[in-house]
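Hi everyone, thanks for coming. I'd like to walk you through one model today, so please bring it up on your screens and follow along.

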Amino acid sequence: MEEATRARPAAVELTDLDTLEAESIHIVREVVAEFENPVMLFSGGKDSVLMLHLARKAFAPARVPFPILHVDTGHNFPEVIEFRDRTVAKHDLRLEVASVQELIDAGQIKVGHELESRNRHQTVALLEALKNGGYDAVFGGGRRDEEKARAKERVFSFRDSFGQWDPKNQRPELWRLYNGRHRKGEHIRVFPISDWTELDVWRYLAQERVDLPPIYFAHEREVVDHEGLLMAVNEFFPPPEGAEIMRVMVRYRTVGDATATGAVASEAVDFEAVIEETAVTRITERGATRGDDRFSEAAMEDRKKEGYF
Amino acid sequence: MASELLRIATAGSVDDGKSTLIGRLLFETKAIFEDQLESIERTSEKRGDEQTDLALLTDGLRAEREQGITIDVAHRYFATPKRKFVIADTPGHIQYTRNMVTGASTANLALLLVDARKGVLEQTRRHALLSSLLRVPHLVLCVNKMDLVDYDQAVYDEIREEFSAFAAKLEITDLGFVPVSALAGDNVVERSDRMPWFEGQPLLGHLEDVHIASDRNLVDNRFPVQYVIRPQSSEHRDYRGFAGSVAGGIFKQGDEVMVMPSRKTSRIERIDTPDGEIDQAFPPMAVTLLLEDEIDISRGDMICRPSNQPTANRRFEAMICWFDETSQLRTGAPYMLKHTTRWAPAEVDELRYQLDVDTLHRDLDAETLEVNDIGRVSISTSSALFFDEYRLNRNTGSFILVDSHTDLTVAAGMIIGSGAEPTLPAEPVVAENITFHPSKLTREERWSALGTSGATIWLTGLSGSGKSTIAAAVEHTLVSSGRPAFMLDGDNLRHGINANLGFSPEDRAENVRRVGEVARLMAEAGAISVVSLVSPYRADRDRVRQAHEEAGIPFHEVHVDAPLEVCEERDPKGLYAKARAGEITDLTGVGSPYEAPESPALVPSEDLETAVRQVLGLLEG
């Protein structure tokens, strides 16, 4: 059949990015068609920006038919909040905010000290917001290449009424036939960009010229070297005593809680340069930038079981 | 940058080194990062391994690392400048057949491993069977741990032969072999100089080059409507778009379309994407179709062509694999079935047999299916589904069964057809708008420009022997894979070009001559002419063969050799009955002789699927 294959014009073949885009859009549409009340998590990070971009494409020229939910730790990069609000206004989106700070103030979350990482506390705020909003499907920007436990998670990931994930009891997922059936109180986490890698995300965002928070590109910033991470000096991260403050060119590979997210030294000021750096980097994005994922081999697995995204 | 996406399903026994092989692929393509490597180095050291265990890269959950096993489908990613690869890595233990089925459902290629010291095991055969059942288009068998058998060619050859013999009984269209040592890296990325006797490509090269674009069905237009887009904004007041993913065929602007189940027709006004209008849409594109006429269409409807419709039926036959550990198949019990974008209440009416995946034995007395069991069933749904046979289209031939009480996915199914007879579209579809300027092109120029080569397949045999059934299936398979083919059926041609001919020996000779000429011309044009004609006289057929030989066009004579009693029992056109009743006098085999070919290129199997494969094999030779 070798001849036959050459007979087919190249015009009916898709690139890898086109294929990923088509598969993701299929998933987003499937959820909106089958669930009553979906919501999309949006942090302003590149993965959630990608996911929102795909959702806009899935329903154009109509507006995105569900709200976006920001789980706000209170430890934010101001550039990211500014970006979030700009995006909401530009695309006529509905924004819901689940505030960790409010839960702390109300005494529902106990913190050791003001500046400890609040990544873990996001779970409480998230589950609270899901319950209050009555959401039955929650889009998350998780990718399977990020971490080993995520590599084993389904696209439609079932959660019990406590929001918990049971890795040994996942629904089989075949072809493109997703089973989102559930009872009241249960919900499904949906990961439409499961099969994208960090490099895919960057190549696609570049191809589509998608707007991103400026901290993803190299800029000058005051940082200290803290346990191997380059931590920005700001209100959430006062430099430890004796630490040397450096003013260097950095960018962020991930955007999380400002107390726990480190920057990487970089000269990459545009998409092309970031792609070049991403293609040759030898450290995973979480390993390079997230204090919270480095503690143990099973850090992510444990947090996911509790209901983390 | 990578240009195409290839999905791989891997399987192997617990200790045959699958995780190590994947670890090796990731490592060598630089898909592994330093911090990951450091982390597994620490774990290896803690466990007291002699060298870093690359398997730790893929075993993600704590239980797996501790017990040294893999418990679920894991996805891995790597890329080369040619392709992006997604591996669905599934464990090989017996209780996890369902994971292999899951991984294989979307795979372009199945990668199976055997330990060179142990050879082909029960489990290897089971995985090959599952790949074949799930119609994974390509299969590669890696003979691993060659380092432990001194890179001995004889060991490899023996395994290769044994597996080939087994695979011949299955539906495997493309089978490849590579001898490797995942641990030492031989023939994984680079050619190994320790196995100079191996002339094939190393594994990665094979994965980069295997051709997948034609694995899709680009012939039968199928568009399951997923969602209706109605912006309800002043700017787009009248916009009504049908969003979905193309499940088969190529949809073009201006195409006439039919909507199931209403059977209303319209034309495609335009094909929308958020990046603007496009001329054509094909699998797996996610697009929005806008039609010229206002037709009531909702999710679950299927857009196709009036001349090429899916089967619409409430009842069908299917192979299913049972997934649920907590329940077993109950015939007559209510299930929910999801097919394309449609949910329907369903019942399994009958379990016809259970298939033993090791012996291929069909247990007709089986009463139920349990987790990891596979069987053939008949199913009925509360409303009609619009489906194709799974072997023709994985998107419109697959379904899942869901327990209505627990909401769990309990089984996955592959549709065989609506009854015992294979269902083929009534009207074949061939490439459109191809014209040639006859005088200025040589055949070589023509064929090479079209990327094809013509040939004639001549099916001869008694009436009712199954010629037309085989011919139709061969034609459909070829055209589905993008190859121009056309069926020339004796009965059909007698309505037109041969309308003035009867059944005397002279008229039969002229009939055969004309069909032979048409076949030769079509082959000359680059098509595969698939002729289904009784053509009882050897001399007539030989003249056609000679005309082809003189023109330099391949001619394959296939003798569909069913015994007269069988043909007479089938008697699809009632001809034998009429002949026995004396109503017709010159029926071949009854009142008129049949001269069988002396050395046909092929006498195909009685099994249709095997026969089709055998006939296609003639074209590759």
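Strands S7 (residues 219-226) and S9 (residues 246-251) of chain A are antiparallel partners, joined over five bridges. Here strands are DSSP runs of E with at least two residues, helices are runs of H or I with at least four residues, and both are numbered from the N terminus. Two strands pair if DSSP finds at least two bridges between them. Within this pairing, Glu220(A) has Met249(A) in S9(A) as its bridge partner.

S7(A) also runs antiparallel to strand S8 (residues 229-232) of chain A, with four bridges joining them. S7(A) and S8(A) make a hairpin with two residues between them, and Glu227(A) in the turn has a positive phi of about 50 degrees.

A quick word on what we're looking at. This is a predicted model, where local features need pLDDT of at least 70 and side-chain atom pairs count only at pLDDT 80 or more, while totals for chains, interfaces and linings use all residues. Residues are numbered from 1 along each chain as its sequence is written, and chains are lettered from A and ligands numbered from 1 in the order in which they are written.

Staying with chain A, there is an open sheet of six strands with mixed pairing, in the order S3-S2-S1-S4-S6-S5. Which strands stand at its edges? They are S3 (95-99) and S5 (156-159) of chain A, each with a single partner strand, so one side of each has no neighbour in the sheet. From one strand to the next, the twist averages 30 degrees. Inside the sheet, S1 (residues 38-41) and S2 (residues 68-72) of chain A pair in the parallel sense over two bridges, and Leu41(A) has Leu69(A) in S2(A) as its bridge partner.

Now the helices. Helix H6 (residues 122-133) of chain A lies across S1, S2, S3, S4 (137-139) and S6 (187-190) of chain A, at about 135 degrees to S3(A). Axes are lines fitted to C-alpha atoms, for helices over the stretch in contact, and angles run from 0 to 180 degrees between N-to-C directions.

Helices H2 (residues 16-34) and H3 (residues 46-59) of chain A pack at about 75 degrees, with axes 9 Å apart. H2(A) and H3(A) are therefore roughly perpendicular (65 to 115 degrees; under 35 is roughly parallel, over 145 roughly antiparallel, and the rest oblique). Among the residues that meet are Ile25(A) and Val28(A) from H2(A), and Leu54(A) and Ala58(A) from H3(A); contact means C-beta atoms, placed from the backbone, within 7 Å.

Over in chain B, helices H4 (residues 97-105) and H5 (residues 122-133) pack at about 40 degrees, with axes 9 Å apart. H4(B) and H5(B) are therefore oblique to each other. Met100(B) of H4(B) and Leu130(B) of H5(B) are among the residues making that contact.

Let me finish with Phe316(B), in strand S17 (residues 311-322) of chain B. Why does Phe316(B) count as buried? Because Phe316(B) has 25 C-beta neighbours inside 10 Å, and buried means 20 or more other C-beta atoms within 10 Å, against 12 or fewer for exposed and partly exposed in between, with C-beta atoms placed from the backbone. Leaving aside neighbours within four places in sequence, the contacts of Phe316(B) include Ile379(B), Phe387(B) and Ile415(B).

Technical notes:
Two residues are in contact if their C-beta atoms, placed from the backbone, lie within 7 Å.
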